Amino acid sequence: MFEIHREEIDWAGRKLVLETGKIARQADGAIFASYGETTVLATVVSAKSAKPGIDFFPLTVNYQEKAFAAGRIPGGYFKREGRPSERETLVSRLIDRPIRPLFPDGYRNETQVIVTVLAHDLENDPDILSMVATSAALTLSGVPFMGPVGAARVAYVNGEYKINPVLDELKDTALDLVVAGTSDAVLMVESEAKELSEDVMLGAVMAGHASFQPVIDAIIRLAEKAAKEPRDLIVPDKSDVVAAVLAIAENDLREAYKITQKQDRYAAVDAVKDKVFAALVPAEGEAKFSKEFVGEVFHDLQAKVVRWNILDNGIRIDGRDVKTVRPILAEVGILPRAHGSALFTRGETQALVVATLGTGEDEQLIDNLEGTYRERFLLHYNFPPYSVGEAGRIGSPGRREIGHGKLAWRAIHPMLPTPAEFPYTIRVVSEITESNGSSSMATVCGSSLALMDAGVPLKRPTAGIAMGLILEGTRYAVLSDILGDEDHLGDMDFKVAGTEEGITSLQMDIKITGINEEIMRVALAQAREGRLHILGEMAKAITGARAELGEFAPRIETLRIPTEKIREVIGTGGKVIREICEKTGAKINIEDDGTVKVASSDGNSIKAAINWIKSIATDPEIGHIYDGTVVKVVDFGAFVNFFGSKDGLVHISQLAKGRVAKSSDVVKEGDKVKVKLLGFDDRGKVRLSMRLVDQETGEDLEGKEPPQAEAGE
C-alpha cells in the first residue's frame, strides 16, 4: 500500500530520520521527520500554474505546534489551538528566510509550506528539525528549488561550540545561534549572545555550517530514491523589454538616484517609471509588452543603477561612502510622565521608545509545548504606515513586527539585570515614527536609552547597525547603515547588535545563493566600527542608568518569609493578601521560595504592607521600635496594637517620663504612638514602652535616662 523511503543518520549524538511515502501522499512533497523523539510533518504544495497579475513569488510558510505533541490539552474556553503564537510566527519566519532565495526568478506559482509538530520530547527543539524537514520536502516535490538546505543550532559552553544542544543545555550557554545554508554557503543566521567577539561568532557560524553537511547529503540520497520529476520552468525571453526600458530610463534613473532625500528621490523614480509605462504600456492603443514584464525589468534596472554606482565609484544613493553612518541624534526623557523614554534618530529613520516598569503581576504568562513560564521582559515593536509616508490599515502585529521586536529583544536581553538586582517587570514599546533603513536596529538603540532613562541598571549600553552587500561576480562592497533602497535592491541584510565589549545579537538574511566566510568576516569587522561610533553618539544623551527611578515609577521592596508562612499571608481564598493590598494600596507578589515583592509609588504604603506581612509571618523582636495604635486605655496603662494583629501592654510607668497619675492624661484610644518591645512576662504577655522612644523622631532613648522601677515591682 505504501512505498516508503527512508534515510537515517547519526547527527550530533542523536538519530535523525527522514521518511516519505506513508503520510500526506497527495501533497507535492511530504517528510515525516524525527530527531530524538521530537517528530514533525513537513508538507509542500505548489500550484501547477503561475498566479496571474503578480510580480513576486507567493510563498507562505506556516509552522504550527499541536498541544498533543507534549501530552497537553490547550487552555482557554474552546480547548483547541487558536491563532498562531508569537513562537509559531517566529519559527515560520525562521523556515521561510533560508528557502525563499533558492526559488528561481520568475517562479510565480503559489506555494505553501506547512510544518506540524506531532511530538516533542522536551529535549530537542522542533525548530531545527522543521527547517530540515521543509528542505527535504521541497527537494522531493519537483518544485524548482535550488536546495537542499541544512540547518543547525550552535551553543558556546566553556569556550567550545556545541551542535544542537538539548533545551536544558541552553540555560548555561553564552550563545544560542541558528544557522542555515547550502553545501557551499551560508544563507541565514539568527542568534542571541552574551557579548561575544566577532571571531567567536564567525566561528560559530562556520561550525554550524560544517555540522549540517551530512544532513544535506542525506536529503540528496533520499531525493535520488523518491523525488518527483522536476517541473518545467519556462523563463520568458525579456531581452527586447530590457533593451527598450534601458533606452528610455537608464539616464533618468541615474539622475534620480543622485537625489539624497528619500521622498524626493521616490517621486523622481516614479516619474521615470510613469514615462516607461506610458511609452511601452500605454493606457490607450496597443501595448508593446506585458505590464508585468515591464514592471519586472524596470525594478531590475533600478537595482543595477544603484549597484553599478556603488561598485564603480564607491558612492551610495545618499552620497555616503560604504562605511559612513548617517547623522545620529539621541535624546532621553522626552515624555514627562513615562518611566523612561527616548527618541533615536539616524538619518531618516526614527524610533520613539518608551520603557515602563511594573510588578510581578505584570509578567506575561507564556504557555507553549515546553510548559508554562513567566516572562519579565517584554519588547513590542510597532510600524505604523505614516512612518513611510503612506496611508494603511492598522491592526494586530504582523509577522514582520513580531520578528523585528524579537530581534531587538535578543539584543537587549543579555544586558538586563537579574530579578534579584532589579525586581521589576520591564516593558519596552518602540514606535517607528520614520523609516528609511533599519528600524529594528534603531529600536535596539532607543530601547537601551529608554531603559537607562528609566533607571534600569543595564550592564552596558547596547547599539545595533544594519549592514548590506552588493555582490557581482568576484566584486563586492559591504555597506554600513543601509538605506531602505539598499536593503531592497541589495543582496544581504546583516544586522549586528552589541556593546563595546561584544555582540549580543546577530541576524543575517541573504537574497542570493549564499555568502562565504571572507565576506562575513569583512561585514563583522565593519559592523563593529559602526556600532562603536553609534554608542559614542548615544553617550552624548546618557551614559548609564539614572541613580533614581522616575517620579511615576513604582517602588519595589523585597523580603523573605518562611515558606510555611506563605499560606497564612495569602489566607483562605486569598482573603488576607487582598485585604493587605486594599488597605495599604500596595501590590504584593509572593513566590514559592518565600520571596515577597511589595510595590507602590508611595513609600508609606510599602512600609505598611511590609509591617503587616511581617506581623503574620514573623515574631516581633525584643528591642525593636514599632509604630502602634492605642486600642484601649485602662487604669494601669494602655493596650497598643503594634505588630499587625498583635497587642501589648504599655504599663502606666512606661507611658511617659516622670510620674503619671492617670493613663488617660497621656493617651486616648486611636492615638498613633511609637513603642519599644521590652519582652514578655511570665504569662507570655507582651511588655511595651513609650517612655523609651522619642515620640516625634522614633529615636531609642534607652540608656539616656536613669532607670525607673515599674509600680508593683
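This is a predicted model: local features need pLDDT of at least 70, side-chain atom pairs count only at pLDDT 80 or more; totals for chains, interfaces and linings use all residues.
Trainee: Is Thr-182 buried or exposed?

Mentor: The relative accessible area of Thr-182 is 9%, so this residue is buried. Setting aside neighbours within four places in sequence, its contacts are Leu-102, Pro-148, Leu-187, His-209, Phe-212, Gln-213, Ile-216 and Thr-513. As for Gly-573, which is 391 residues apart from Thr-182 along the chain, the two C-alpha atoms are separated by 58 Å.

Trainee: Pro-148 is among those contacts. Where does Pro-148 lie, and what kind of peptide bond joins it to Gly-147?

Mentor: Start with the general idea: most peptide bonds are trans, and most residues other than glycine have a negative phi. Here, the bond between Gly-147 and Pro-148 is cis, with omega about 0 degrees. Pro-148 belongs to the loop between helix H2 (126–141) and strand E7 (150–157).

Trainee: And phi? Which residue other than glycine has a positive value near 50 degrees?

Mentor: That is Asn-164, placed in the loop between strand E8 (160–163) and E9. With 4% relative accessibility, Asn-164 counts as buried. Lys-79 also has a positive phi, about 55 degrees, although it is not a glycine. Its loop runs between strand E5 (59–65) and helix H1 (86–99), and at 48% relative accessibility Lys-79 counts as partly exposed.

Trainee: Now the aromatic rings, please. How many aromatic pairs are there?

Mentor: The count is twelve aromatic pairs. Take Phe-103 and Tyr-107: their ring centres are 6.4 Å apart and their planes are at 10 degrees, so this pair is stacked. Both Phe-103 and Tyr-107 are buried. In general, a pair of aromatic rings is described by the distance of the centres and the angle of the planes.

Trainee: Which charged end sits over the ring of Phe-383?

Mentor: The charged end of Arg-400 does, 4.2 Å from the ring centre. Likewise, Arg-337 has its charged end over the ring of Phe-552, 3.9 Å from the centre.

Trainee: Could we turn to a helix? How does the span of helix H5 agree with its number of residues?

Mentor: Helix H5 (residues 239–256) has 18 residues, so at 1.5 Å a residue it should span 26 Å; the end C-alpha atoms are 24 Å apart, which agrees. H5 also has a kink of about 50 degrees, centred on Ala-249.

Trainee: Which residues of H5 are buried?

Mentor: First, the general idea: an α-helix has 3.6 residues a turn, so residues three or four places apart point the same way. In H5 the buried residues are Val-241, Ala-244, Val-245, Ala-249, Leu-253 and Ala-256. Their cover includes helix H6 (262–280) and helix H7 (291–313).

Trainee: Last, a strand pair. How do strands E14 and E15 run?

Mentor: Strand E14 (residues 364–368) and strand E15 (residues 371–375) run antiparallel and are joined by five bridges. With two residues between them, E14 and E15 form a hairpin.

Definitions and conventions
Residues are numbered from 1 along each chain as its sequence is written. Side-chain values use heavy atoms; hydrogens and water are left out. Helices (H or I, at least four residues) and strands (E, at least two) are DSSP runs, numbered from the N terminus. The expected span of a helix is 1.5 Å times one less than its number of residues. The bend at a residue is the angle between axes fitted to the seven residues ending there and the seven starting there. Buried means under 20% relative accessible area, exposed over 50%, partly exposed in between (1.4 Å probe, protein chains only). Contact means heavy atoms within 4.5 Å. Rings of Phe, Tyr and Trp (its six-membered ring) pair if their centres lie within 6.5 Å; planes under 30 degrees apart count as stacked, over 60 as edge-to-face and the rest as tilted. A charge sits over a ring if NZ of Lys or CZ of Arg is within 6 Å of the ring centre and within 35 degrees of the ring normal. Two strands pair if DSSP finds at least two bridges between them.
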